[in-house]
Amino acid sequence: MQTFTFYSSDDKLQYAGHLKEVKDSINCRTVNEAACDLAQGVADEGAALVAGGFSPVPGYAEKGRAYVIGEFHKQLDVFKGKRVDFLLGEFFGNVEEAEWSIEVMRQSDLPVACTMRIGPAGDLDGVTPEECAIRMAKAGAAVVGVNCFYDPFIALDTVSRMKNALDKADISVHLMIQPMAWHSPEIRNDQRGYSVLPEFPFAMEPRLLTRAEVAGFARQAYAMGIRYIGGCCGFEPYHIRAIAEEVKSRVVRALTELVEANGSIKSSGYRYSPMEPRLLTRAEVAGFARQAYAMGIRYIGGCCGFEPYHIRAIAEELAEERGFRPPGKDKHSGFESLKKSVSEYQRPRGNRQYWEKLVPASGRKDGKLLAVVPPKTERNTMRETGPVDE
């Protein structure tokens with residue numbers, strides 16, 4: 001169970017403008033302490049381990065080593081006081097900053113893991129995945145790998161390169177992988193990651209991995225020797241369950257036998273319902289809500305497939321008619337929020353028109369627009385008693 005402490009340094013809070021008015025109640029210490037309490041409370045329900053999470057300091061490029069290390073120490077002090085089980089640095093774009101975080105984490109007596117948001121092109125300074133892995137391992141991380149920014153299949157290629165380099169250098173560490181959950185072959189060699197995709201962040205749904213694809217990723221990761229397997233942005237609870245189901249002990253034994261016998265990976269036979277590419281975007285749901293309201297419908301909601309953010313899209317779309325916005329309105333200004341993005345290429349997307357006109361891509365080279373629906377027969381027709389149980 002990882003603490004929800006991503007970007008929870010004072011430097012990041014200051015950068016985002018959250019320390020000006022509430023610095024006594026919202027700061028690195030209070031946020032990290034609260035996150036530890038929440039994670040430990042949930043972990044206790046299932047005897048899970050708790051990881052204290054570190055992430056990049058925005059001031060890295062301008063403020064230098066001493067400042068960044070000082071920010072990491074603030075988090076470390078909290079994690080030591082809260083007695084977490086291990087420490088995890090993640091989402092580093094520069095291996096140098098990853099090394100600094102490892103240096104600080106190693107000043108505790110806890111196991112240390114570290115991942116970077118890199119693909120085959122390497123870090124933001126062009127350092128290769130091979131060198132990144134070796135440098136993180138030599139800095140003292142017991143677990144190294146990648147997280148976020150790229151889909152599982154790009155991430156697997158990247159970790160494979162890391163593994164080969166570590167093996168060649170005779171360095172023994174554990175491997176870790178937590179990719180994002182959207183197909184992204186277009187950005188394989190783009191160091192900026194998925195945020196450059198035209199669909200980011202409000203229309204990524206057609207790119208979403210199916211359960212079967214996640215299970216296949218987990219199987220390949222395990223076969224490569226990776227033992228810390230998870231997901232980052234875009235992963236839903238059912239995706240994590242798909243990983244857990246795929247690598248549970250009996251499947252792992254069968255997998256090992258299959259790989260040894262055939263040198264290839266076969267399906268475990270689990271039945272999945274791959275509806276993810278058909279998922280509506282937020283803009284589409286907002287458009288539906290607007291049309292429904294214009295028709296005179298006043299009870300507007302969603303059923304199967306609707307996620308919490310879809311319901312929020314309905315509430316936001318009809319906020320003026322309802323007379324108020326939903327909770328959390330002070331933290332989110334909808335499409336307009338992109339005008340404040342630190343990424344210059346995202347700012348033109350900060351308007352409703354962009355999202356209404358966008359035709360989102362699925363990121364699937366072998367995808368199809370429409371399916372062939374089986375003909376209607378007595379056996380597969382829905383009756384009053386419900387669907388026929390096959």
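Buried means under 20% relative accessible area, exposed means over 50%, and partly exposed is in between, with a 1.4 Å probe and protein chains only. By that scale R29 is partly exposed, at 42% relative accessibility.

A word on the source. This is a predicted model, in which local features need pLDDT of at least 70, side-chain atom pairs count only at pLDDT 80 or more, and totals for chains, interfaces and linings use all residues. Residues are numbered from 1 along each chain as its sequence is written, and side-chain values use heavy atoms, with hydrogens and water left out.

Now the charged side chains. Side chains of opposite charge can pair when their charged atoms come close. I count a salt bridge when a side-chain nitrogen of Lys or Arg is within 4 Å of a carboxyl oxygen of Asp or Glu. The structure holds 27 of these salt bridges, and I will go through a few.

Back to R29. Its side chain meets that of E33 in a salt bridge, 3.2 Å from N to O. Both residues sit in helix α2, residues 28-46, and because they are four residues apart there, about one helical turn separates them. Helices here are DSSP runs of H or I with at least four residues, strands are runs of E with at least two, and both are numbered from the N terminus. E33 is partly exposed, with a relative accessible area of 27%.

Which residue does E205 pair with in a salt bridge? The partner is R282, with the closest N and O atoms 3.2 Å apart. This pair links distant parts of the chain, 77 residues apart: E205 lies in the loop between β5 (174-178) and α7 (211-223), and R282 lies in helix α10 (residues 282-294). Is E205 buried or exposed? E205 counts as buried, at 4% relative accessibility, while R282 is partly exposed, at 24%.

A further salt bridge joins E245 and K248, with 3.1 Å between the closest N and O atoms. E245 is partly exposed at 24% relative accessibility, and K248 is partly exposed too, at 31%.

Last, a network. Salt bridges link R290, E317, E321, R352 and E356.
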